[in-house]
Amino acid sequence: MAYRIGVDIGGSFTDFAVLDERDHSIRTLKVLSRPDQPGSEIRTGLAALKERHGITPEEVGYFTHGTTVGINAVIQRKGVKLALFTTENFQDVLELARLKIPHIHDLFCRRPAPLISRDMVFPIAERTDRDGRILQEVDRASVAAAVEGALAAGAQGIVVALLHSYRNGTNEARVREIVAQLAPNLLTSCSAEIWPIIREYERTITATINAYVQPKVINYLESFEAALTEMGVGVPPRITKSNGGVMAVDQAKAECVQMILSGTASGVIGAGFIAETCGFPKLLSLDIGGTSADVAVIRNGRAEYGTGEIIGDFQIFIPSVSVTSVGQGGGSIAWIDDLGVLRVGPESAGSLPGPVCYQRGGTRPTVTDAFVVCGMIGHGDLGYNAVKVDVEASRRAIGELAGKLGVSVEDAAETIIQIAISLMYADVSGLVSRFGIDPREFHFLAFGGAGPMMACFLARELNMKGVVVPPTPGVLSALGGLVADLKNDFIRMLYRVLSPELTVELLDAAETLSREARAWLDREHGAGLPHRLSFSGDMRYQGQSFEIEVPLESEWVRQGDLTAIRAAFDAQHERVFGHADRRAPVQMINLRLVIASPTAKPRLLPIAAGTGSPAPRGEVSCHLDGSDMKVPLYRREDFLAGQAIPGPAIIAQDDTTTCVPPGMRVDVDSFGNLVITPASN
């Protein structure tokens, strides 16, 4: 067993990163995605790796995979029809939500319809109080009536979310037991098992999203496993998680919500690995694929994490990387609305039919087609020769829009690019404000098939410090899954004031979580693996409505050092909000634990050094910044460390194309990264 493989299946391309354990070198590959035939990308990719690099499936000792199947189902609302069983007289939990509209400054904004409509919510006669005491056991007749109503309405799954089950999940487990007796074919999810947190809506929506995507995820993962078995891969695959770790397939099938941001998290982990290894202390990762652009904050090689990330129209409350997703990608479709206004996205052409220039049946122009018309891509095959670019097809498609707008084809194409960049600008500005960062101190780390193509234009608008393009940007998400650690989160509700009376309960919770974490690692990945345990607490001043997560040293927790824990909370509160009240009582709502076991990492080696500038392979005609100009065309493999070129420039490579506008320059660092900055810097 000599190879470790990471795979990221996106809307347009499936990316492979292969680590050779003998010398820690990396090989990469792209093939077209086939959402109509799940698993076929794996067969195609493994066959190509054998043909091109001599890597046989039998030599694979580790296989990890990131996917967007879950998040796409939520965004497109293509999950299953569900019924919700909740405590009698509390049937409006999803309708009420948090009584907030998504965009408070939009006068026309509407709250999204819940994933489970009100007519599919059924009451259960039972009651658990806030301390976890069962006041009323589950009434079997009410469950039977709920099951009958759910089946009659066509429910394909059941979500059980009862009042205060975060304290005691016994009644939820009893409801599931009865459902299994009456309707054994119905998948049933219990909120206390998915993520046992306080607040009914947050726990219920998280369990709902889990159940909403579960059948589709299970079908997808089974097809994925079948493809690996058919090709002769003998090791069980791992699935990347929203928290940046990996888990076994069986856990992914049961806890689908834990992998809802699987593909997105892989990219962020890959970006963090590059940032830490190559010495970039402040980065915004910019992952642009065919459908969307995902942006995350990375400081000193570590991504920002949190809960409450927005998936489509809804929040999920599991630990995950903090990512802003923008509905703009290389496959975003350009169109003219009823008022004659040119619009871009959010609909995407995906991989089938894809941009018009892919020659796969697409007829509607996309952002990628706009770059083709402007002369910035299309000077060779894309995606490791998976796609041959048809320039004239792009010109014909955008020409139809140009005719309606009364402008030239080139001007229409450049306007499409400008609209896409402006939409990204609006959303990325919100992320910058959210984390209170100064974009002038940050580089974009651009990756994904369209990231290097669009990054410089967005960085210029945001007044960023610059753009970093790693050596293999088109497959960085696959690399992220490959370097992700084995990782899982555990949580225990305490809901106690920080006082000496808490000490015994805190020590017991810490020991219980540690035992559960080690048992998970031994069960899922093998006994005796090295690991680290990291504690944190969800804490707040008594009387506050919401808490913040506070990192805690293990010895503080295990020794019951409440003074150190209190000081850490005050410091964190002051960092987040600018003030702290060191006399006010403090509550610890939850104790959290993360277990992580490191995986093998590739070794990034310095590239050969040189001086001056590489020789361009030719010169192409481009339409940039409203002008026609001749732009030198380079190949990425011709660059040496220490070399530099001025913009404008186009740098082509097997997995992507980097577009450098006028007024910027490119420097090559010792690891082969392209560091693109304003020429005046």
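Student: Which strands does helix α7 lie across, and at about what angle does it run to β10?

Tutor: In this predicted model, helix α7 spans residues 200–231. The helix lies across β5, β9 (157–161) and β10. Its direction relative to β10 is about 150°.

Student: In what order do the four strands of the open sheet with parallel pairing stand?

Tutor: Strands of a sheet pair through backbone hydrogen bonds, either parallel or antiparallel. In this open sheet of four strands the pairing is parallel. The order is β6-β5-β9-β10.

Student: Which are the edge strands of that sheet?

Tutor: An edge strand here pairs on one side only. That holds for the strand at 121–124 and for the strand at 187–190. From one strand to the next, the twist of the sheet averages 25°. The edge strands are β6 and β10.

Student: Which residue of β6 is the bridge partner of Leu 84?

Tutor: Strand β5 covers residues 82–87 and runs parallel to β6. Four bridges join β5 to β6. The bridge partner of Leu 84 in β6 is Val 121.

Student: What is the strand order in the open sheet with mixed pairing, and which are its edge strands?

Tutor: This open sheet has four strands, in the order β29-β30-β32-β33. Neighbouring strands are turned by 30° against each other on average, direction ignored. Two strands, at 618–624 and 657–660, pair on one side only. These edge strands are β29 and β33.

Student: Which helix lies across β29 and β33?

Tutor: The helix in question comprises residues 451–462. It runs at about 20° to β33. The helix is α13.

Student: How is helix α11 oriented relative to helix α12, roughly parallel or roughly perpendicular?

Tutor: Helix α11 covers residues 391–405 and helix α12 covers residues 409–435. Their axes come within 8 Å and cross at roughly 90°. Angles of 65 to 115 degrees count as roughly perpendicular. Therefore the orientation of α11 to α12 is roughly perpendicular.

Student: How many nonpolar residues does the contact of α11 with α12 have?

Tutor: On the α11 side the contact includes Arg 395, Ile 398 and Gly 399, and among those it meets in α12 are Val 409, Glu 410 and Ile 416. By class, one residue of the contact is polar and two are charged. The number of nonpolar residues is seven.

Definitions and conventions: Residues numbered from 1 in each chain as written. Predicted model: local features only at pLDDT ≥ 70, side-chain atom pairs only at ≥ 80, totals over all residues. Heavy atoms only, no water. Pairing = 2+ DSSP bridges. Axes fitted to C-alpha atoms, helices over the stretch in contact; angles between N-to-C directions. Contact = heavy atoms within 4.5 Å. Parallel < 35°, antiparallel > 145°, perpendicular 65-115°, else oblique. Nonpolar A, V, L, I, M, F, W, Y, C, P; charged D, E, K, R; others polar.
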